[in-house]
Amino acid sequence: MSMPFYVAPEQVMKDRADYARKGIARGRSLVALSYDEGILICAENPSRTLHKVAEIYDRIGFAGVGKFSEFDSLRTQGIRLADLKGYTYSREDVDARSLANAYAQLLGNVFTHEMKPMEVEILVAEVGVDKDADQLFRISYEGTIVDEDGSTVLGGDADTVNERLKANLTGTLDMGAALRAAVSALAGPERVLEASNLEVAVLCRTSARRAFRRVPVAELTTLLVAPA
């Protein structure tokens, strides 16, 4: 009788992690940061129909990088979970932290028990009454949650983009300054990103209930021009 092929559990987990990281790194990066009137999420995405950034609930946004079909499925599940909790209890009971925990458990279970991990990294963002109350939760492919302080970068060459972003975050930012800082970090010194190549949305803290708003190309073009 032939013996089954043995692979050490540590090697299995390492191979899964390498597979997921490579898939995520092949995609374009995404930046999220707080500014004076809300949270801005900016992604390099020339598609007008396949969105990386979306609304989950009243004051909660979602963003994903990696394999589109997988993070879009996660977006749909998050909307259903938020709607169910809001209907069963109250709208105020739906928060980014509980959604991030649910996503982390799902991704962790897939990474541990399934043959192929999800090639995704996602963001759950909730705008607060002020900048200090904003919440940015980054959830990785294996279910790790990171509670980011003020800004975060997902996907692509995240470390390099994050270094450029941190260098641009000085003082209090309005929406235009936040957008230009995000685009400069995504583009780097050797490229120029046009408004047509961007997908940008904001969670506006001054909105009465639904805070999510997509920023159209015409408005992006105006905001990308730095004031004299």
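User: Two strands count as paired if DSSP finds at least two bridges between them. Over how many bridges do strand S1 and strand S2 pair?

Analyst: The model is predicted, so local features need pLDDT of at least 70 and side-chain atom pairs count only at pLDDT 80 or more, while totals for chains, interfaces and linings use all residues. Residues are numbered from 1 along each chain as its sequence is written, and side-chain values use heavy atoms, with hydrogens and water left out. Helices (H or I, at least four residues) and strands (E, at least two) are DSSP runs, numbered from the N terminus. S1 covers residues 30-35 and S2 covers residues 38-44, and they pair in the antiparallel sense over 6 bridges.

User: Which strands are the edge strands of the sheet?

Analyst: The sheet is open and has 5 strands in the order S8-S1-S2-S9-S10, with antiparallel pairing. Each edge strand pairs on one side only, and these are S8 (151-154) and S10 (212-214).

User: Which residue of S2 is the bridge partner of Val31?

Analyst: Strands of a sheet pair through backbone hydrogen bonds, either parallel or antiparallel. Here S1 and S2 pair in the antiparallel sense. In S2, the partner of Val31 is Cys42.

User: What angle does the direction of helix H5 make with that of S2?

Analyst: Axes are lines fitted to C-alpha atoms, for helices over the stretch in contact (heavy atoms within 4.5 Å), and angles run from 0 to 180 degrees between N-to-C directions. H5 (residues 175-187) packs on the sheet, touching S1, S2, S9 (198-204) and S10. Its direction makes an angle with that of S2 of about 30 degrees.

User: Within what arc do the buried residues of helix H3 fall?

Analyst: The buried residues of H3 include Leu99, Tyr103, Leu107 and Phe111. The arc is that of the directions from the helix axis to the C-beta atoms. The buried residues line one face of H3, because they fall within an arc of 165 degrees.

User: Which exposed residues does the face of H3 turned away from its buried side carry?

Analyst: Exposed means over 50% relative accessible area, and partly exposed lies between that and buried. On the face of H3 turned away from the buried side, the exposed residues are Gln105 and His113.

Methods:
Buried < 20%, exposed > 50% of the residue type's maximum accessible area, 1.4 Å probe, protein only.
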